[in-house]
Amino acid sequence: MNLEGLEMVAVLVVLALFVKVLEQFGLFEPVSLEDEVSLALMCRARPEGLEQLQEQTKFTRKELQVLYRGFKNECPSGIVNEENFKQIYSQFFPQGDSSTYATFLFNAFDTNHDGSVSFEDFVAGLSVILRGTIDDRLNWAFNLYDLNKDGCITKEEMLDIMKSIYDMMGKYTYPALREEAPREHVESFFQKMDRNKDGVVTIEEFIESCQKDENIMRSMQLFDNVI
Amino acid sequence: MAAGVAAWLPFARAAAIGWMPVANCPMPLAPADKNKRQDELIVLNVSGRRFQTWRTTLERYPDTLLGSTEKEFFFNEDTKEYFFDRDPEVFRCVLNFYRTGKLHYPRYECISAYDDELAFYGILPEIIGDCCYEEYKDRKRENAERLMDDNDSENNQESVPSLSFRQTMWRAFENPHTSTLALVFYYVTGFFIAVSVITNVVETVPCGTVPGSKELPCGERYSVAFFCLDTACVMIFTVEYLLRLFAAPSRYRFVRSVMSIIDVVAIMPYYIGLVMTNNEDVSGAFVTLRVFRVFRIFKFSRHSQGLRILGYTLKSCASELGFLLFSLTMAIIIFATVMFYAEKGSSASKFTSIPASFWYTIVTMTTLGYGDMVPKTIAGKIFGSICSLSGVLVIALPVPVIVSNFSRIYHQNQRADKRRAQKKARLARIRVAKTGSSNAYLHSKRNGLLTEALELMGTPEEEHMGKSTSLIESQHHHLLHCLEKTTNHEFIDEQMFEQNCMESSMQNYPSTRSPSLSSHPGLTTTCCSRRSKKTTHLPNSNLPATRLRSMQELSTIHIQGSEQPSLTTSRSSLNLKADDGLRPNCKTSQITTAIISIPTPPALTPEGESRPPPASPGPNTNIPSIASNVVKVSAL
């Protein structure tokens with residue numbers, strides 16, 4: 001039989017269809033991939049007892065109760081992940097974009113860096129901010145600014161933080177926000193804080209400079225009455 | 001701010017610790033928690049069923065009945081509970097709204113009963129959550145339509161005397177059942193449409209032979225009779241069209257509507273035929289025009305509801321049909337190509353070109369199989385059989401799908417439009433809520449600060465001024481205020497921002513708020529005053545010699561305490577010359593509130609103009625540094 005080119009193709013097509021039909025009848029087992037079983041892990045967490053939290057933090061029993069009720073209301077599963085956190089925080093700043101600052105906050109609250117903030121982390125952070133000494137609070141703020149947690153704040157880290165704060169203002173401000181405003185603010189901050197002018201601010205320089213600044217000291221006292 | 005996250009406000013305020021070390025200006029005072037009550041449970045007795053909740057839960061929405069002092073009217077002294085003589089089932093939904101922030105609509109409730117309850121509790125139905133909003137709107141619309149239908153059928157019995165002649169005519173055209181004349185008109189036009197269509201058809205039937213010539217179609221044999229019939233029909237149609245045109249409420253819209261275009265297309269050929277001479281060249285075109293007479297059949301769609309629905313569903317199904325057509329075209333091209341090349345070898349093949357093979361492919365795929373073109377080679381036969389098998393699948397399978405798609409797409413289209421409208425409404429609601437909350441902040445900033453200022457000044461009778469905001473609101477506003485202080489910028493609303501942008505050619509800013517401040521003594525000068533960046537175009541020539549130059553400065557004013565009573569009423573709104581800069585001065589020792597104010601010319605004191613860098617009076621303030629040309633955040 002003299003098969004020409006196109007006839008060859010025709011025969012091949014017929015054979016292919018034949019194989020497909022046989023597959024349908026289960027006579028040829030096609031190679032199938034294992035179905036990926038994705039377990040949606042439902043993260044749930046329950047906090048430690050009230051007594052333990054009372055020992056670990058400086059809140060009273062009633063304050064802990066109120067805090068937990070509010071916490072559980074927004075996060076019924078008992079832990080906050082970053083998305084949740086950002087979404088909750090953004091409700092307080094309708095005009096701007098608070099997601100970057102919320103990320104920094106999240107990293108500061110998430111002390112064990114496991115990607116989620118449990119109620120213990122939450123209350124521990126709040127205890128330092130609201131009931132700690134001024135030095136504790138300054139320490140906490142330094143920890144917030146130090147993005148890579150290496151013990152010193154570089155200009156880039158400060159610039160990121162500053163930009164995130166300015167982002168929260170949004171577009172409609174008076175006077176209109178300029179591109180250089182965060183950078184200038186960072187420059188003035190470093191001028192004030194960086195004693196030895198080495199381009200980074202260490203924790204000692206930070207605390208020392210803050211203690212010398214009346215405004216900062218006074219504003220730190222604002223946190224006494226938040227709860 | 002959603003009330004549900006009010007519980008997280010302490011956290012948000014604590015998070016402000018990150019702003020404190022970088023802030024250049026002192027922070028405002030926190031609002032005092034005057035009546036720090038312990039949170040208590042309150043009991044709500046609704047027709048005997050007792051609900052309990054925290055007081056703060058109800059206070060999340062202060063403009064509803066339960067959240068405001070209005071509920072005190074329902075307080076029962078003997079049992080120390082609030083008694084409402086209303087439906088407990090709906091109350092469950094209402095109370096859940098306070099708890100979760102989302103209002104749900106239960107499907108088993110009657111829509112009007114639910115609306116009544118919502119109105120009683122002072123809750124707007126627009127805040128129903130998205131999960132139930134569609135259902136609520138549907139039910140509401142059904143109800144409204146039912147009411148409207150009832151009203152309509154009532155109205156139809158009575159006569160409506162106040163319509164003008166034109167409006168009655170239009171009503172008669174649109175609704176033939178309104179009067180007997182309309183009904184007569186309706187049937188007459190229907191009859192003539194039918195007559196016209198039938199004459200068009202019969203015209204072409206061969207009518208028997210005239211002795212001495214070949215067989216003629218009836219149209220040519222009885223040409224006069226047909227011409228008279230045609231003329232009569234066209235007369236009626238023209239009159240009808242002109243009457244509709246006259247009666248239409250919006251003539252422009254009527255002319256553009258589909259039905260009127262069909263009318264015009266239906267009667268045009270006749271008139272064009274009258275005008276044109278019996279020329280040989282144009283008679284071909286004339287014949288083509290006659291084809292358009294068949295469009296008269298579409299005029300029936302005014303008479304038939306079903307035709308209209310069919311047209312509409314076809315239109316809405318257009319994308320599905322289009323896709324079917326496209327896939328068919330693809331298959332046709334593929335198979336035609338294959339058949340052409342397969343049959344190229346055979347002699348006397350009918351497959352002379354690929355377009356010629358299209359015919360074969362279409363006929364085969366739709367399983368018609370005329371048999372005028374058949375493949376002769378083996379390859380051609382194989383591919384031809386594959387073609388017909390796939391044709392069965394391609395054609396036969398989508399047809400039931402399209403039929404079921406009709407109803408699905410029809411309803412879905414309606415729902416998609418509804419959803420789009422609701423989405424717009426939802427986005428508008430979200431935007432309104434956002435602007436509401438930011439506007440609330442701006443508004444309370446102006447009001448609340450005045451109140452605080454007056455409190456500091458020791459004028460207690462002004463305490464009632466301004467709306468009393470809840471503690472949570474004042475704390476939230478304090479938080480936003482701290483952010484403003486940290487970044488040295490202020491929140492303003494959109495219109496002001498636009499205005500500011502347009503004001504780069506500085507005109508006099510209309511002062512809307514300064515008059516309220518002009519009466520307060522003891523206002524002193526500034527902190528954190530900033531100047532907008534000077535751009536090159538200063539129309540200094542505009543305002544020749546007024547004290548208020550083209551460049552104004554918006555400054556914030558600090559209201560200082562009473563230990564400096566001898567301060568002049570000066571504001572550091574400055575008429576600065578072009579290259580003056582003002583260094584913001586943040587070293588005031590009193591931290592108080594700040595107000596944006598724009599000075600008016602009469603309120604300016606003379607001292608404001610003379611000195612380029614203003615000295616803030618008061619012993620505690622620093623002398624500002626040398627002015628520079630650039631806007632600077634104050635260096636500390």
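Contact here means heavy atoms within 4.5 Å. The structure shown in these views is a predicted model.

**View 1. Packing of helices α5 and α8 in chain A.** Helix α5 of chain A spans residues 99-109 and helix α8 of chain A spans residues 155-167. Their axes lie 7 Å apart and form an angle of about 130°; α5(A) and α8(A) are therefore oblique to each other.

**View 2. Residues in contact between α5(A) and α8(A).** From α5(A), the residues Thr100(A), Tyr101(A) and Phe104(A) take part. They meet Asp160(A), Ile161(A), Ser164(A), Ile165(A) and Asp167(A) of α8(A). Classified by residue type, this contact comprises four nonpolar, two polar and two charged residues.

**View 3. Helix α3 of chain B and its surroundings.** Helix α3 of chain B comprises 13 residues, 88-100. From its first C-alpha to its last the helix reaches 18 Å, close to the 18 Å expected at 1.5 Å a residue. Its buried residues are Pro88(B), Val90(B), Phe91(B), Cys93(B), Val94(B), Leu95(B), Phe97(B) and Tyr98(B).

**View 4. Chain B as the setting of α3(B).** Chain B contains 20 helices and 10 strands. Of its 636 residues, 40% are buried. Among contacts in chain B with a separation of 6 or more, 71% join residues 24 or more positions apart. The accessible surface of chain B amounts to about 34,800 Å², and carbon and sulfur atoms contribute 62% of this area.

How values were computed: Residues are numbered from 1 along each chain as its sequence is written. Chains are lettered from A and ligands numbered from 1 in the order in which they are written. This is a predicted model: local features need pLDDT of at least 70, side-chain atom pairs count only at pLDDT 80 or more; totals for chains, interfaces and linings use all residues. Side-chain values use heavy atoms; hydrogens and water are left out. Helices (H or I, at least four residues) and strands (E, at least two) are DSSP runs, numbered from the N terminus. Buried means under 20% relative accessible area, exposed over 50%, partly exposed in between (1.4 Å probe, protein chains only). Accessible areas come from the Shrake-Rupley method with a 1.4 Å probe; for residues, only the protein chains shown count as cover. Axes are lines fitted to C-alpha atoms, for helices over the stretch in contact, and angles run from 0 to 180 degrees between N-to-C directions. Angles under 35 degrees count as roughly parallel, over 145 as roughly antiparallel, 65 to 115 as roughly perpendicular and the rest as oblique. Ala, Val, Leu, Ile, Met, Phe, Trp, Tyr, Cys and Pro count as nonpolar, Asp, Glu, Lys and Arg as charged, and the others, Gly among them, as polar. The expected span of a helix is 1.5 Å times one less than its number of residues.
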